[in-house]
Amino acid sequence: DAKIELGQRGTKLQDVPLRPPWLRLTLAPLGAGALAATVLALLLGLLRAGAPTPVSDADPLLAGRARRRAAFTTAALFVVGVAVASTIIIRVSHAIPGFGDEINYLVEGKILASGRLAVPEPALPEFFKVGWTDLWWTDGKVWGFHPPGNSVLLALGWLLGLPWLTVPLVAGGILAVQHHLALEVLRSERFAIVHVAIVGTSHYVLSLASSYMAHAPSMLFVS
């Protein structure tokens, strides 16, 4: 339905038709995906051309060096993830939640940081209600309906006076865990780096790992 509905005080006033460039909107993502796949295929081909670096215990000395190198790489990726997510959430988002769900998680985190599961409503709750913030119920209390896991992480930040603090830590943890997981599955340091590069440059991962949403913590703990 390519139109915008204009309204005032709940009354629909006008429909404004739009003319979206459907062909460009359809072909551009497909072309970008094909280009990315081509670049990735070329990169993998170059990596295959060189000798892979398997993680093997055949030679204890080489295996020990490989483990130390892998541990250093994992730690470095954690630092990079923390730095990138910190830059995005502080310099781009200014640590301000962009969605109602983010507000829900933040408020629930602050409530948990106070040692409670719910708090009384303010005197004039109608002045605090915002769309998509499901915190107001019929029992005169403010509490979040989301599962508490993400809010528990945010509560740690509230306790330290930096509500956004755990967000970049989770982002760094994702890159570190993905690197370790790729080493276990692919048995190659080079291919593990390629895997982390794909994950770490995904717009979807970058945006959600730099927000207060629960997607990134879920990805970290599922991994």
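Reader: Why is Arg-187 called partly exposed?

Author: Because its relative accessibility is 38%, and the class between buried (under 20% relative accessible area) and exposed (over 50%) is partly exposed, with a 1.4 Å probe and protein chains only. Arg-187 therefore counts as partly exposed. This is a predicted model, in which local features need pLDDT of at least 70 and side-chain atom pairs count only at pLDDT 80 or more, while totals for chains, interfaces and linings use all residues. Residues are numbered from 1 along each chain as its sequence is written, and side-chain values use heavy atoms, with hydrogens and water left out.

Reader: What makes the contact of Glu-184 and Arg-187 a salt bridge?

Author: The term asks for a side-chain nitrogen of Lys or Arg within 4 Å of a carboxyl oxygen of Asp or Glu. The side chains of Glu-184 and Arg-187 meet at 4.0 Å, N to O, so the pair is a salt bridge under that cut-off. Side chains of opposite charge can pair when their charged atoms come close. A search of the whole structure finds one salt bridge. Its Glu-184 is partly exposed as well, because its relative accessible area is 46%.

Reader: Where is Arg-187, and what is its phi?

Author: Arg-187 is in the loop between helix 5 and helix 6. Helices are DSSP runs of H or I with at least four residues, strands are runs of E with at least two, and both are numbered from the N terminus. The phi of Arg-187 is positive, about 60°, although the residue is not a glycine. Ala-95 also has a positive phi of about 60° without being a glycine, and Ala-95 is found in the loop between helix 2 and helix 3 (100-113). Its relative accessible area is 26%, so Ala-95 is partly exposed.

Reader: Why is strand 1 said to lie largely in the open?

Author: Because the number buried among its six residues is zero. Leu-6 is in strand 1 and counts as partly exposed because its relative accessibility is 38%.

Reader: What makes Ile-4, Leu-6, Leu-13 and Leu-18 a nonpolar patch?

Author: Patch residues have over 30% relative accessible area and no salt bridge; like charges are joined within 9 Å, and nonpolar side chains (Val, Leu, Ile, Met, Phe, Trp, Tyr) within 5 Å. Leu-6, at 38%, is over the accessibility cut-off. Together the four residues have about 350 Å² of accessible area, from the Shrake-Rupley method with a 1.4 Å probe, where only the protein chains shown count as cover for residues.

Reader: Why is Leu-106 called buried, and what is it in contact with?

Author: Leu-106 is in helix 3 and counts as buried because its relative accessibility is 10%. Contact means heavy atoms within 4.5 Å. Leaving aside neighbours within four places in sequence, Leu-106 is in contact with Pro-97, Leu-154, Trp-158, Pro-163 and Tyr-212. Asn-104, also placed in helix 3, is buried because its relative accessibility is 0%.

Reader: Which residues of helix 4 are buried, and what covers them?

Author: In helix 4 (residues 149-159), Asn-150, Ser-151, Leu-153, Leu-154, Ala-155 and Gly-157 are buried. Their cover includes helix 3, helix 5 and helix 8. Gly-161, with a positive phi near 80°, follows helix 4.

Reader: What makes a set of residues a nonpolar core?

Author: The members are buried Ala, Val, Leu, Ile, Met, Phe, Trp, Tyr and Cys residues joined through side-chain atoms within 4.5 Å. The largest core has 13 residues, of which Val-170, Ile-174, Leu-175, Val-199 and Ala-216 touch the most other members. Helix 2 (60-92), helix 5 (166-186), helix 6 (189-200) and helix 8 (215-222) each supply at least two of its residues. Helix 5 gives the most, with four.
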